[in-house]
Amino acid sequence: MYIYDSVQKKKLKFEPILENRASIYVCGPTVYDDAHLGHARSSLAFDLLTRTLKAKGYEVTMCKNFTDIDDKIIKKVEATGKSMEEITSYYIERYLSEMSALGVTRANIEPKATQSLQAIESMIKKLIDKDIAYIISTGDVYFDTSKDSNYGNISHRVANDDDSKSRIEHTSQKRNPKDFALWKACKGDEDICFDTTFSKGRPGWHIECSAMIEKHFEGNGEYSIDIHGGGADLLFPHHENEAAQSRCATGHELSKYWMHNGFVQIDGEKMSKSLGNSFFLKDALNLYDGEVLRYYLNSIHYRNDFNFSEEELQLSKRRLDKLYRLKKRVTPTKASVANKSFKKSLLDAMSDDLNISIALSLIDEFIANTNDLLDRNPKDKALKKETLANIEFIDELLGFGGKEPFSYFQIGVNSELKEKIEELIEKRTEAKQSKDFKTSDAIRDELTSMGISIMDSANGTLWEKA
RNA sequence: GGAGCCAUCGCCAAGUUGGUAAGGCCGUAGAUUGCAAAUCUGCUAUUCACCAGUUCGAGUCUGGUUGGCUCCUCCA
């Protein structure tokens, strides 16, 4: 298994800190709003990583957090009058159900910031005791970046970086411009805050991830976890700061490997809430099947930026359709054992830093080859059984192809419409048998206008929703 | 102002350590079909933004130019 490490900027052989195990931490969402396609992409990318590692025999522990204390959440509390708990639990539930619609495997550990306050407090205390963190008059606690000689190693930002043009806040009491808040003291009585030995307040954004990792992973004394993941925009300052805090508090490095996924773009620009060009996942799931979205969003390499377009999504669906058409051809049958060399080549592709393009091209090849063989020998039972097993392996590794094939092509068709379609097809078959092609073609046109395409096969007429 | 990423067929997109351009969509010719659809087969980049260099040999390395994106503010 090779993965691209965004700190060393090259592909590295994956050698976990504990044999045959992989510990992964991925930065999850701040739960103050609905998830957009960017969240989906990140989830999907690391889901692919998890599935690949599992298929290769690693015991994977995946941790994904929920940031449930944050300025934006507090603003939402003020704006809606709802409690923080009400807001965050609503969005957490939505997030989980939308990700599940995309076929994302649930993380083993899903910690929330509000449940990790003890770990956060003790880590901050450790840093204060070591004089690496300092308290200013307001009660805010800052991390002194000058105390960490390795600060900048993650993002490769040098210490004498020109900060004059940057938009880092220049608080007078900060020792260095790059120092960041570990703890934000509350300002008024009505603020949402938690009591600690240093001040009443709430944690900064970066510390929670570090604290959660220390809380949930043991590491090996050299690193806490194997892989730390997240969106490319988190590399700096978030991951740089996480690494610094953990390094200084624990005396060892946070993560052995760092992986970052590319963005989802709309018209060549990053999708983000501040730009107002977000495509919310709930809207996308209203228009398209989760599996189709998954296939599309995972169809290019996770590190590349992804330019989202609905036309491309439709084209992508056609590619997935082919897999399901093949599955239709081998249904019903019982799966035997997946073809060894097919399995190996798929795994090899994914083992190379999740080379999904190669994996998908192997699948296309498999589909064409199998269709060809079935054309020549439609009754090859062994082939059908193996084909189904291969498709099951694809589903296990890549997370698509697992549906019952007939229902896949009938998504969005209610039973009433279905009855009508089948009635029309029956009439058409009768007309065809009496060679009344005028009538049969008219019925086919009617079905086409309903968005239904039909295909005559040896086993009768099959239909699909376009 | 600083830091970084990217640029491959009409479109999407692979391309470890340099060795002579995967795959998909679209298009097209054919097989099959009453005609279609589905399926299969063939064809579809002497060329990898541009310029120069290193090399027997570069999409792959080096330098420069142009264009696009991202980070330095919350962000997946």
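**Exercise 1. Glycine 268**

Locate glycine 268 among the secondary-structure elements, then state how accessible glycine 268 is.

Solution. Step 1: the residue sits in the loop that joins strand 11 (264–266) to strand 12 (269–270); helices are DSSP runs of H or I with at least four residues, strands are E runs with at least two, and both are numbered from the N terminus. The model is predicted: local features need pLDDT of at least 70, side-chain atom pairs count only at pLDDT 80 or more, totals for chains, interfaces and linings use all residues, and side-chain values use heavy atoms without hydrogens and water. Residues are numbered from 1 along each chain as its sequence is written, while chains are lettered from A and ligands numbered from 1 in the order in which they are written.

Step 1: with a relative accessible area of 42%, glycine 268 is partly exposed (buried is under 20%, exposed over 50%, partly exposed in between; 1.4 Å probe, protein chains only).

Step 2: glycine 268 and lysine 322 are 54 residues apart along the chain, and 29 Å separates their C-alpha atoms.

**Exercise 2. Chain A as a whole**

Describe the extent, content and domains of chain A.

Solution. Step 1: the C-alpha atoms fill a box of roughly 95 × 50 × 35 Å along the principal axes. Step 2: the chain contains 15 helices and 15 strands. Of its 466 residues, 50% are buried. Step 3: among contacts with a separation of 6 or more, 76% join residues 24 or more positions apart (contact: heavy atoms within 4.5 Å).

Step 3: the domain assignment, which is automatic or from a database, lists domain 1 (2–266), domain 2 (310–407) and domain 3 (415–465). Between the C-alpha centres of domain 1 and domain 3 the distance is 56 Å.

**Exercise 3. Helix 4 against helix 6**

At what angle do helix 4 and helix 6 pack, and which residues make the contact?

Solution. Step 1: two quantities describe a pair of packed helices, the angle between their axes and the distance between the axes. Step 2: for helix 4 (residues 117–129) and helix 6 (residues 235–250) these are about 70 degrees and 9 Å (axes are lines fitted to C-alpha atoms over the stretch in contact, with angles from 0 to 180 degrees between N-to-C directions). The two helices are therefore roughly perpendicular (65 to 115 degrees; under 35 is roughly parallel, over 145 roughly antiparallel, the rest oblique).

Step 1: helix 4 contributes Met123, Lys126 and Leu127, and helix 6 contributes Gln245, Ser246, Cys248, Ala249 and Thr250. Step 4: this contact has 4 nonpolar, 3 polar and 1 charged residues (Ala, Val, Leu, Ile, Met, Phe, Trp, Tyr, Cys and Pro are nonpolar, Asp, Glu, Lys and Arg charged, the others, Gly among them, polar).

Step 2: 13 of the 16 residues in helix 6 are buried, so this helix is largely enclosed by the rest of the structure. Just after helix 6 comes glycine 251, with a positive phi of about 85 degrees.

Step 3: leucine 117 belongs to helix 4 and is buried, at 17% relative accessibility. Leaving aside residues up to four places away in sequence, leucine 117 touches Ile69, Phe194 and Pro203.

**Exercise 4. Helix 8 against helix 9**

Solution. Step 2: from helix 8 come Glu291, Val292, Leu293, Tyr295 and Tyr296, and from helix 9 Glu312, Leu313, Ser316, Lys317, Arg319, Leu320 and Tyr324.

**Exercise 5. Backbone exceptions**

Solution. Step 1: most residues other than glycine have a negative phi, and most peptide bonds are trans. Step 2: the bond from phenylalanine 236 to proline 237 is cis, omega being near 0 degrees; proline 237 lies in helix 6. Threonine 331 and proline 332 are also joined by a cis bond, with omega about 0 degrees, and proline 332 is in the loop between helix 9 (310–330) and helix 10 (340–351).

Step 1: lysine 9 has a positive phi, near 60 degrees. Lysine 9 lies in the loop between strand 1 (2–5) and strand 2 (10–13) and is exposed, at 53% relative accessible area.

Step 2: aspartate 353, not a glycine either, has a positive phi of about 50 degrees. Its loop runs between helix 10 and helix 11 (356–376), and aspartate 353 is buried at 0% relative accessibility.
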